[in-house]
Amino acid sequence: MIRIKGLSHTYRIGKRGRIIEVPVLHEIDLHVARKEIVAVTGRSGSGKSTLLNLISGFIRPSAGEIEIDGCPVTRFSEGEWADFRLQKIGFIFQNYQLIPGMTVYENVELPMVLRKVEPKQRRRLAEEMLERVGLAEFAAFYGDELSGGMQQRVSVARSLVLRPPLILADEPTGSLDSENERALLDFILQLNRELQVTFLIVTHDRRVASIAGRRIHLQDGRLVGEGAAV
Ligand SMILES: Nc1ncnc2c1ncn2[C@@H]1O[C@H](COP(=O)(O)OP(=O)(O)O)[C@@H](O)[C@H]1O
Ligand SMILES: [Mg+2]
């Protein structure tokens, strides 16, 4: 699902000749097979979010190649990336990023509107996904009327409604209490089993890492000790 070869990234900050280079990732090689759940651990500042942002195409690498689902995404134009992302990648964020002023239903429908899915189909898929995350009765509510755990589930439903084969998650349970964390982890496992979704999950949390089939560790921008989880 993901093939990364020789991936390095250096941020350049400053302007007008006073540029400071901050090297963050060094020659990362990583393969993630279809249907795998891989956890990425590492201290704060080790480069985890940078790695996810590179895989998402939100930033461009200084060197190296990334393939997703067989496509050489590092060579994509911005337009190609936008289409590809919508089709192939779902995101789960720590802060839920629901659109204010839109209902739960409208939030979940949004990716399908962007993809010009026809209205009947949109309704069917949105209802099915809301059912799956246990929020069918809340379709007409607004985000700020729901608890944090429920908002998180709306954002998960939204990122999954187009059935992307790959989900990238950055500290997905970072703002959830333990009950909602458990519910989200069970949901991730269910999607992985039933819909064969591949997950790459950045986390500090032992419980989150424990659902992964494999854990990889970033230390100062290098991958160390890649191996199978217990
Ligand atoms: N946009 C940026 N510009 C400059 N430096 C950045 C930027 N984003 C992150 N960094 C630096 O890159 C390093 C890795 O950051 P990050 O990928 O966010 O790590 P993590 O997610 O593991 O905490 C840190 O030293 C951070 O300060
Ligand atoms: Mg981070």
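Of the 230 residues in the protein chain, 36% are classed as buried, a residue being buried if 20 or more other C-beta atoms, placed from the backbone, lie within 10 Å of its own, exposed if 12 or fewer do, and partly exposed in between. The model is predicted: local features require pLDDT of at least 70 and side-chain atom pairs count only at pLDDT 80 or more, whereas totals for chains, interfaces and linings use all residues. Residues are numbered from 1 along each chain as its sequence is written, while chains are lettered from A and ligands numbered from 1 in the order in which they are written.

The secondary structure of the protein chain amounts to seven helices and ten strands, taken as DSSP runs (helices, H or I, at least four residues; strands, E, at least two) and numbered from the N terminus. The chain is as compact as a globular protein of its length, because its radius of gyration over C-alpha atoms, 18 Å, is close to the 17 Å that the globule rule gives for 230 residues; that rule is 2.2 Å times the number of residues to the power 0.38. Along the principal axes, the C-alpha atoms fill a box of roughly 50 × 40 × 35 Å. Among contacts between residues at least 6 apart in sequence, 69% join residues at least 24 apart, a contact being a pair of residues whose C-beta atoms, placed from the backbone, lie within 7 Å.

Four strands form an open sheet in the order E2-E1-E4-E5, with antiparallel pairing; two strands pair if DSSP finds at least two bridges between them. Strand E2 (20–32) and strand E5 (71–72) are the edge strands, each pairing on one side only. E1 and E2 run antiparallel and are joined by nine bridges, with Ile-13 opposite Ile-20 in E2. These two strands form a hairpin with six residues between them, and Gly-14 in the turn has a positive phi of about 105 degrees. Five bridges connect E1 (residues 2–13) to E4 (residues 63–68), also in antiparallel fashion; here Ser-8 has Ala-63 of E4 as its bridge partner.

The shell around ligand 1 includes Tyr-11, Ile-13, Val-22, Val-24, Lys-48, Ser-49 and Thr-50, where a shell residue has its C-beta atom, placed from the backbone, within 6 Å of the molecule. E1, E2 and helix H1 (48–55) each give two or more residues to this shell, and H1 gives the most, with three. By class, the shell has four nonpolar, seven polar and one charged residues; Ala, Val, Leu, Ile, Met, Phe, Trp, Tyr, Cys and Pro count as nonpolar, Asp, Glu, Lys and Arg as charged, and the others, Gly among them, as polar.

Definitions and conventions
Two residues are in contact if their C-beta atoms, placed from the backbone, lie within 7 Å.
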